[in-house]
Number of protein chains: 2
Amino acid sequence: MPDRRAKVVIIGAGFGGLEAARALRKADVDVTVIDRQNHHCFQPLLYQVATAALSPADVAWPIRHILRAQKNATVLMAEVGGVDAAQKRVRTNFGDIPYDFLIIATGAMHSYFGHDEWAPFAPGLKRIEDATRIRRSILIAFERAEIMSDAEEQKRLLTFVIVGGGATGVEMAGAIAEIARQTLAADFRRIDPRSAHIVLVEAGPRLLPAFPPAQSDYVRDTLMQHGVTVMTDTMVTKCDARGVDLNSGRLDAATIIWAAGVTASPAAQWLGVEADRAGRVKVAPDLTAPGHDDVFVIGDVAAVSDSSGKPVPGIAPAAKQMGQYVGRTIIARLVGRAAPKPFRYMHLGNLATIGRRAAVVELGRFRLRGFIGWLFWSVAHVYFLIGLRNRFIVAFSWLWSYLTFQRGARLITQPPGDTPG
Amino acid sequence: MPDRRAKVVIIGAGFGGLEAARALRKADVDVTVIDRQNHHCFQPLLYQVATAALSPADVAWPIRHILRAQKNATVLMAEVGGVDAAQKRVRTNFGDIPYDFLIIATGAMHSYFGHDEWAPFAPGLKRIEDATRIRRSILIAFERAEIMSDAEEQKRLLTFVIVGGGATGVEMAGAIAEIARQTLAADFRRIDPRSAHIVLVEAGPRLLPAFPPAQSDYVRDTLMQHGVTVMTDTMVTKCDARGVDLNSGRLDAATIIWAAGVTASPAAQWLGVEADRAGRVKVAPDLTAPGHDDVFVIGDVAAVSDSSGKPVPGIAPAAKQMGQYVGRTIIARLVGRAAPKPFRYMHLGNLATIGRRAAVVELGRFRLRGFIGWLFWSVAHVYFLIGLRNRFIVAFSWLWSYLTFQRGARLITQPPGDTPG
């Protein structure tokens, strides 16, 4: 260690990166948090922005505001291009940032299983911009259907395909069903929004594989009651501008939403270390990258197993636990304490909502569903939001939506230069 | 009149167009409202979106939701390319729409006095997209200043020029001063946001020319107390990527905001009639376009004088009054009643805010300023918002900002394909 305050650089201000920064708040170090965005995004509620229930600012918070009171932390908005591990520097578009310890917490992006050419037709949901883009395409589909006279084209416009039956896919399908059957029901004159065709496609045998089978059945049944067509054991073989090819046949659809798979950001390439099939770095038990004692990799970009050998899931609580662990490890090293025991993931549970008054909760042996599950889901998500303002606005928006069946952010905004219509 | 329900087509769902539609709610007509956006935008509060106090959805509302209960109204989201007055058809990107009566309420856009090449460097504020673009450039300027080491460039990044000393210019300057001096004050480590240089440039001799001179003086003094440099009698002679040329010298600035002038949408060209210098149609006393008995032109796109010969200002109450008048006129014609008297504008007053606890109000002889003026301004704006939800969220956001000095929507979002940094 050099004879000065150690420099800790954290790349990425998601759940893992922020938690690591907080764990170091009392340490005698200089913390630099680098993110390409100015905001931390609460990804579990991003689907509500994509479905017009919440505004982007309700689920995002400026990173430097979160860390404003932590005097040893500096936030830089910059794009990281690579890591020079030999020189211990992070390369950014605004120059190099030196480090003594590096924490890579850059998360994951959606993956098209080698078919990146599908991306323009089937956007995924990871960033605020993805959410407003999906919101635009859902709302524009109804607008165009209203103005079109061709019945075939109207049917295509009112078909929505969601690929992937995990939590995001289930939540998106439930929310689009609500929009079509309740929010928009009285707003159109030429089409009946309730006739919209919402299809949830899952390659595996059941929805929400992380939940017990009984919960999966409940979710499937509830979605079907809400008018969603659930197709399990169904593979997407192609996405194009007019719809999707499934192994069971063709489905013409104007809106395709990708919730099927993720791939880690390129941390393994930056470090020149081995990646697993999902692009994640196979870290050591103390979450360091192989051969890099001073580089930690956490969150969705790290491949870790829990005590039973199962892979740690890519969810917020796992990333937070890794962030805390790494912060403690760095402090121990600096003060010359013995290294902590290997990282051990504690699984708290799984939550997913299907929409109005319906959700599933699995906390070990404690299981909920239906209205009470939905209340639990709502309270838990408001609780984990950052900031009193966002908690209040989100709680108010949900109450208002619950009472009125409306959604407060039904905005179609165009990217500059795009032609409307 | 043909022997069927008359078709009234309204182009534009701003204040004028919506009010015209509402005035026809009980009439035996088919109303079609065409707008290129899906939402009505409450322009008087758009500057609060541009300055991160409110979310876009707080000042916008889906047009078809506003008119959902009006069964004789259909809303179409389409781009109008022209009017075929001989055939009585509106040309849109989704085909022609026939009309018996046409109401053109397409509003105005910012105008660069023949220098459209300034537009990329000095965005104006008319649409939601303009507001998020300006918000992005203000917030990015602080982010880049934090990461830059060059002192000259830092100074340029922290210089904000607002061109135009009307209500929008004054409100933008006051809000940016608040962001720099209060909201961001503790969030940066390398720069002091309070050192930002905010310059309000006005070509005329005083700010807010629509107000009495004593109110203008108060506004200038208050802005200066808040750290804004006010330059009256100052002309912009050039805008470029690095700053502005003024007749008094050069000002390097990363952010330039245009609030200096507007030009009407091309209704005059559509109709082949004469336009005034600001592009507006010189309408007859009953607001019909010259030579077009069945085409009404209202709001910012109409050139009208009040009873004393002064031009009717381009503000929301004027557009609403015209919309109501035209609605009544069409009903009178349909039932064969005598045509109403010529349109007469009733001026209610002017309001503008400078920021926290400071505003000016002029309602005829009734004048307010300071804290009480600010309260009046706040209540009036919440009252005129559409929808209970938006009123509640805006009131809550203002209360929260007032108590915490924070702004809830400090989001930098990138248009797709744009490179961050």
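Two strands are said to pair if DSSP finds at least two bridges between them. The model discussed here is predicted.

Strand β23 (residues 350-355) of chain B pairs with β24(B) in the antiparallel sense, over 5 bridges. Within this pairing, N350(B) stands opposite E362(B) in β24(B). The two strands β23(B) and β24(B) form a hairpin that leaves 2 residues between them. In that turn, R357(B) has a positive phi of about 60°.

The strand β24(B) also takes part in a hairpin with β25(B), again with 2 residues between the strands. Here G364(B) is the turn residue with a positive phi, of about 65°. The pairing of β24(B) with strand β25 (residues 366-369) of chain B is antiparallel and extends over 4 bridges. V361(B) stands opposite L368(B) in β25(B).

How many of the 6 residues of strand β24 of chain B are buried? In strand β24 (residues 358-363) of chain B, 5 of the 6 residues are buried, so the strand is largely enclosed by the rest of the structure. A residue counts as buried here if 20 or more other C-beta atoms lie within 10 Å of its own.

**Three-stranded sheets**

In chain B, 3 strands form an open sheet in the order β6-β7-β8, and their pairing is antiparallel. Both β6 (80-84) and β8 (95-98) of chain B stand at the edges with a single partner strand each, so one side of each is left without a neighbour in the sheet. On average, and with direction ignored, neighbouring strands of this sheet are turned by 25° against each other.

Chain A likewise has an open sheet of 3 strands with antiparallel pairing, in the order β6-β7-β8. Its edge strands are β6 (80-84) and β8 (95-98) of chain A, each of which pairs on one side only. Neighbouring strands are turned here by 25° against each other on average, direction ignored.

| Strand pair | Bridges | Opposite residues |
|---|---|---|
| β6(B) and β7 (residues 89-92) of chain B | 4 bridges | V83(B) and V90(B) |
| β6(A) and β7 (residues 89-92) of chain A | 4 bridges | D84(A) and R89(A) |

**Domains of chain A**

Chain A is divided into domain 1 (6-36 + 78-110 + 262-335) and domain 2 (116-260). The C-alpha centres of domain 1 and domain 2 of chain A lie 35 Å apart.

**Relation and contact of the two chains**

Chain B is superposed on chain A by a rotation of 180° with 0.0 Å of shift along its axis, at an RMSD of 0.0 Å. That is the relation of a two-fold axis. The same surface serves both copies, since 100% of the contact residues of chain B recur in chain A.

In the contact itself, 46 residues of chain B meet 46 residues of chain A. On the side of chain B that touches chain A, the elements giving two or more residues are β4 (60-62), α3 (63-66), β5 (73-77), α4 (128-147) and α11 (388-404) of chain B. The largest share of that side, 7 residues, comes from α4(B). By class, the side of chain B that touches chain A has 23 nonpolar, 11 polar and 12 charged residues.

Note on methods: Residues numbered from 1 in each chain as written. Chains lettered and ligands numbered in written order. Predicted model: local features only at pLDDT ≥ 70, side-chain atom pairs only at ≥ 80, totals over all residues. Domains from an automatic or database assignment. Buried ≥ 20, exposed ≤ 12 C-beta atoms within 10 Å, placed from the backbone. Least-squares fit on C-alpha atoms with pLDDT ≥ 70 in both. Contact = placed C-beta atoms within 7 Å. Nonpolar A, V, L, I, M, F, W, Y, C, P; charged D, E, K, R; others polar. Axes fitted to C-alpha atoms, helices over the stretch in contact; angles between N-to-C directions.
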